[in-house]
Amino acid sequence: MPKRGCPFADAVPLQLKVRVGQRELSRGVCAEQHSREIFDLSGAATRACSSCVRALDGTAVCGQCERALCGRCVRACCRCGAVACSLCALVDCGDVHETLLCASCAMFEA
């Protein structure tokens, strides 16, 4: 049995998968703001957050991997209060509320 033809013919535009990466974001609508967050006015690179690549606004460091973190990416373990980045933190969605555990506490949880 042959395949059914498209009822819309040429009236529908092509739908292509588009990957949007950091390069496209830095050239997009918020290009100036994005560049300003990463680079200072002289053009030299500032120290950037390891999770979101924004400029650091403090001295927070992940307690597990010692990567630098900005204020938006700092996560605190609900058991010991240690600072953890998004790569080292484990989110437990088992209860009604999400609980965040650092890698050390998550090891004892299992």
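User: Where does Ala76 lie?

Analyst: Ala76 lies in strand 3. Helices (H or I, at least four residues) and strands (E, at least two) are DSSP runs, numbered from the N terminus. This is a predicted model, in which local features need pLDDT of at least 70 and side-chain atom pairs count only at pLDDT 80 or more, while totals for chains, interfaces and linings use all residues. Residues are numbered from 1 along each chain as its sequence is written, and side-chain values use heavy atoms, with hydrogens and water left out.

User: What makes a residue a contact of Ala76, and which ones are in contact with it?

Analyst: Contact means heavy atoms within 4.5 Å. Leaving aside neighbours within four places in sequence, Gly81, Ala82 and Leu100 are in contact with Ala76.

User: Which helices and strands does the chain have, and in what pattern?

Analyst: The chain has three helices and six strands. Along the sequence they follow α-α-β-β-β-β-β-β-α.

User: Where is confidence lowest and where is it highest?

Analyst: The score to look at is pLDDT, the predictor's confidence in each residue, from 0 to 100. Helix 1 (residues 22-26) is lowest, at a mean of 68, and strand 4 (residues 83-84) is highest, at 90. The chain has a mean pLDDT of 77, with 72% of its residues at 70 or more.

User: Why is Cys62 called buried?

Analyst: Buried means under 20% relative accessible area, exposed over 50%, and partly exposed in between (1.4 Å probe, protein chains only). Cys62 has 2% relative accessibility, so it counts as buried. Cys73, at 10%, is therefore buried too, and so is Cys105, with 15%. Of the 110 residues of the chain, 18% count as buried.

User: What makes Glu66 exposed, and what is its phi?

Analyst: Glu66 reaches 64% relative accessibility, so it counts as exposed. It sits in the loop between strand 1 (60-61) and strand 2 (68-69). Its phi is positive, about 65 degrees, although Glu66 is not a glycine. Most residues other than glycine have a negative phi.

User: How do you know how many disulfides there are?

Analyst: A disulfide is a pair of cysteine sulfur atoms within 2.5 Å. By this rule the count is zero. For Cys62, the nearest cysteine sulfur is that of Cys65, 3.7 Å away, and Cys62 is in no disulfide. Cys105 is in no disulfide either, with the nearest cysteine sulfur, that of Cys102, 3.7 Å away.

User: What makes a group of residues a nonpolar core, and which residues form the largest one?

Analyst: A nonpolar core is a set of buried Ala, Val, Leu, Ile, Met, Phe, Trp, Tyr and Cys residues joined through side-chain atoms within 4.5 Å. The largest has eight residues: Cys77, Ala84, Ala89, Leu100, Leu101, Cys102, Cys105 and Ala106. Strand 6 (99-101) and helix 3 (103-109) are the elements that give two or more residues to this core. Another core, of seven residues, lies apart from it, with Cys62, Leu69, Cys73 and Cys88 among them.

User: Where is Cys73, and which residues is it in contact with?

Analyst: Cys73 is in the loop between strand 2 and strand 3 (75-76). Setting aside neighbours within four places in sequence, Cys73 is in contact with Cys49, Ser51, Cys52 and Ala84. The C-alpha atoms of Cys73 and Ala84 are separated by 8.8 Å.
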